[in-house]
Amino acid sequence: ARGIIIGSGEASRLGELHSGAQLALAQGHSVEIDLPTARMLPGVKPGVNLPLTVRGHICGVVGLTGEPDVVRQFGELVQATAEMILEQAQLVSELQREKRYREEFVFQLVRPQGASRTDLEAWALRLRIDIRRPHAVIVVTPCDEGLLPAVALDELQHLQSQLMAQAPDLLSAVLSERELVLIESFSKKPDSANDEAYARQRLNLLDTTVRKLTTTPFVLSIGVSLPGIEAIMVSYSSACKTLQIGRRRQPQARPHSFYVMRLPVLMSGFGDCWQAEQLRRPLERLARIDRRGGLLFKTLDAWYANNGQPGATAKSLGIHRNTLDYRLGKIGEITRLNLQKTEDRMWLFIAMLIGEDEAPTPAPSRGRRGRSSPSQPPEA
């Protein structure tokens with residue numbers, strides 16, 4: 001924009017001032033220089049100099065050397081092409097800047113780092129996002145926890161690009177090598193039944209979309225839907241915990257929803273207080289006889305999974321009803337709880353939920369391409 005030559009067929013001219021270009025910049029229109037005029041201007045050859053205008057602002061000049069009558073029409077063609085390239089470059093730059101702006105907003109929502117509530121509200125207004133509406137966070141991570149970090153990051157970034165191509169207004173951010181976060185807007189009025197149905201609908205639709213966009217298998221988890229700036233962090237936390245519990249309970253499942261496993265998620269993190277220590281005592285007695293994952297624990301898991309129905313429980317375990325009754329009686333004897341009493345059944349169920357935080361996560365699967373050691377701890 002100052003008339004300095006930045007590209008030329010003659011390398012020796014790079015960095016020099018071009019008098020013809022300076023004239024075109026100063027006058028704001030094309031300047032043609034014939035041979036007599038060129039002799040009076042140092043470092044100038046005959047030709048045409050056409051200003052490059054992008055969105056109403058002159059940002060440079062393109063010049064063609066030769067007799068003006070000969071090169072004029074070619075100069076106009078080059079001018080139009082150059083302006084189109086600059087327009088496209090500026091648009092790409094703006095889109096990238098907008099993407100980074102939206103990503104940083106997501107970062108600040110789920111992991112606040114210094115941005116005030118006022119800043120975030122102004123940020124949301126700038127992005128035309130009604131943060132007063134309920135929003136839920138969806139966490140996406142590779143199914144294979146042994147996938148090398150660099151490979152996992154590439155896959156997540158590719159998936160994010162594919163999703164944004166379909167929905168440019170999508171609020172998303174890659175938080176780590178294994179974690180892509182999406183923020184989904186819900187209805188204006190929170191309603192437990194409607195939120196559960198909408199979460200299931202959106203989660204299934206997203207899972208179908210992800211399967212179509214990539215061959216890499218991903219697991220998805222949606223958190224609780226709540227209104228307000230601070231609620232996004234709560235939703236993110238609930239989505240992460242839902243993912244952790246869902247992968248432990250149903251390692252083969254792809255989408256997991258907070259609304260399907262509300263109680264286990266809400267009870268998670270309760271294990272460090274003295275009340276939890278007291279609640280766990282019956283299970284500790286059971287664990288001394290039957291290790292976690294042993295026959296009695298599996299029977300108890302199946303019994304609760306089938307809502308305490310003896311027939312369904314015995315069928316799921318492939319045992320006789322009398323065998324089930326014997327095992328339940330043995331569990332009651334060891335835990336010193338009466339499983340016929342609602343209070344004792346709830347006590348044992350809550351103790352099992354609390355104990356899930358301490359249960360080991362299933363080992364990651366192993367595959368052929370780019371894998372880390374299966375002993376590497378998984379990232380939640």
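**View 1. Residues 359–380 of this predicted model, a stretch where pLDDT stays under 50.** pLDDT is the predictor's confidence in each residue, from 0 to 100. For residues 359–380 the model has 31 contacts (heavy atoms within 4.5 Å) beyond four places in sequence. Where pLDDT is low, the predicted coordinates should not be read in detail. Across the chain the mean pLDDT is 83, and 90% of residues reach 70 or more. This is a predicted model, so local features need pLDDT of at least 70 and side-chain atom pairs count only at pLDDT 80 or more, while totals for chains, interfaces and linings use all residues. Residues are numbered from 1 along each chain as its sequence is written, and side-chain values use heavy atoms, with hydrogens and water left out.

**View 2. The largest nonpolar core, with 26 residues.** Such a core is a set of buried (under 20% relative accessible area, 1.4 Å probe, protein chains only) Ala, Val, Leu, Ile, Met, Phe, Trp, Tyr and Cys residues joined through side-chain atoms within 4.5 Å. V140, L159, L163, L180 and L182 touch the most other members. Among the elements that each supply at least two residues are β4 (134–142) and α5 (149–166), while α6 gives the most, with 5 residues.

**View 3. Contacts of L159.** Leaving aside neighbours within four places in sequence, L159 is in contact with V140, L180, V210, L213, T214 and F218.

**View 4. Helix α9 (residues 274–289) against helix α12 (residues 321–335).** Their axes come within 8 Å and cross at roughly 115° (lines fitted to C-alpha atoms over the stretch in contact, with angles from 0 to 180 degrees between N-to-C directions). P282, R285, L286 and I289 in α9 meet I331, I334 and T335 in α12.

Technical notes
Buried means under 20% relative accessible area, exposed over 50%, partly exposed in between (1.4 Å probe, protein chains only). Helices (H or I, at least four residues) and strands (E, at least two) are DSSP runs, numbered from the N terminus.
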